[in-house]
Amino acid sequence: LKLLTVQNLFKYYCISELYKIIKFRCPYTIYNCIKVSPRESSLNIILPVKSNTFLYRASTFWNSIHKQILSSTHGLRTSMNLIKLRTKTSILETQSKDDADLWSPGRNGHSALIPLL
């Protein structure tokens with residue numbers, strides 16, 4: 001049985017929701033706050049001011065994984081089901097390495113921002 005930790009469920013849902021916001025431009029008020037890098041074929045998000053907001057945290061997670069979960073030929077046309085499957089697989093791989101520094105809460109009790117692979 002493969003279950004995500006609570007911290008990793010948060011990452012999973014942040015990435016999934018951010019993809020939907022970018023793809024469908026809905027809700028537009030949040031989409032309008034997202035600044036995608038102007039470089040060709042880059043879907044990196046220019047990070048807002050560091051904070052504990054959804055936009056900052058989801059953008060950080062997105063930048064660390066989007067190249068692994070998007071189809072190279074389809075980009076934002078990649079299906080939502082495939083995005084969810086690849087995201088969960090990637091997070092589970094990291095979690096299963098059993099390296100507490102990668103997926104456990106940080107020293108101060110705050111969950112660490114982890115590299116997804």
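**View 1. Helix α3 is kinked at Asn63.** Helix α3 (residues 54-69) bends by about 45 degrees, with the kink centred on Asn63. The bend at a residue is the angle between axes fitted to the seven residues ending there and the seven starting there. Helices are DSSP runs (H or I, at least four residues), strands likewise (E, at least two), numbered from the N terminus. This is a predicted model: local features need pLDDT of at least 70, side-chain atom pairs count only at pLDDT 80 or more, and totals for chains, interfaces and linings use all residues. Residues are numbered from 1 along each chain as its sequence is written, and side-chain values use heavy atoms, without hydrogens and water.

View 2. Buried residues here include Leu55, Phe61, Trp62 and Ile69. Buried means under 20% relative accessible area, exposed over 50%, partly exposed in between (1.4 Å probe, protein chains only). The buried residues of α3 pack against α1 (6-24), β2 (45-46) and α4 (80-96); contact means heavy atoms within 4.5 Å.

**View 3. Tyr19 and Trp62 link α1 to α3.** The ring centres of Tyr19 and Trp62 lie 6.1 Å apart with planes at 25 degrees, so the pair is stacked. Rings of Phe, Tyr and Trp (its six-membered ring) pair if their centres lie within 6.5 Å; planes under 30 degrees apart count as stacked, over 60 as edge-to-face and the rest as tilted. Tyr19 and Trp62 are both buried. The pair ties together parts 43 residues apart in sequence.

**View 4. Two cysteines, Cys14 buried and Cys26 exposed.** Cys14 has 3% relative accessibility. Cys26 has 52%. The structure holds zero disulfides (cysteine sulfur atoms within 2.5 Å).
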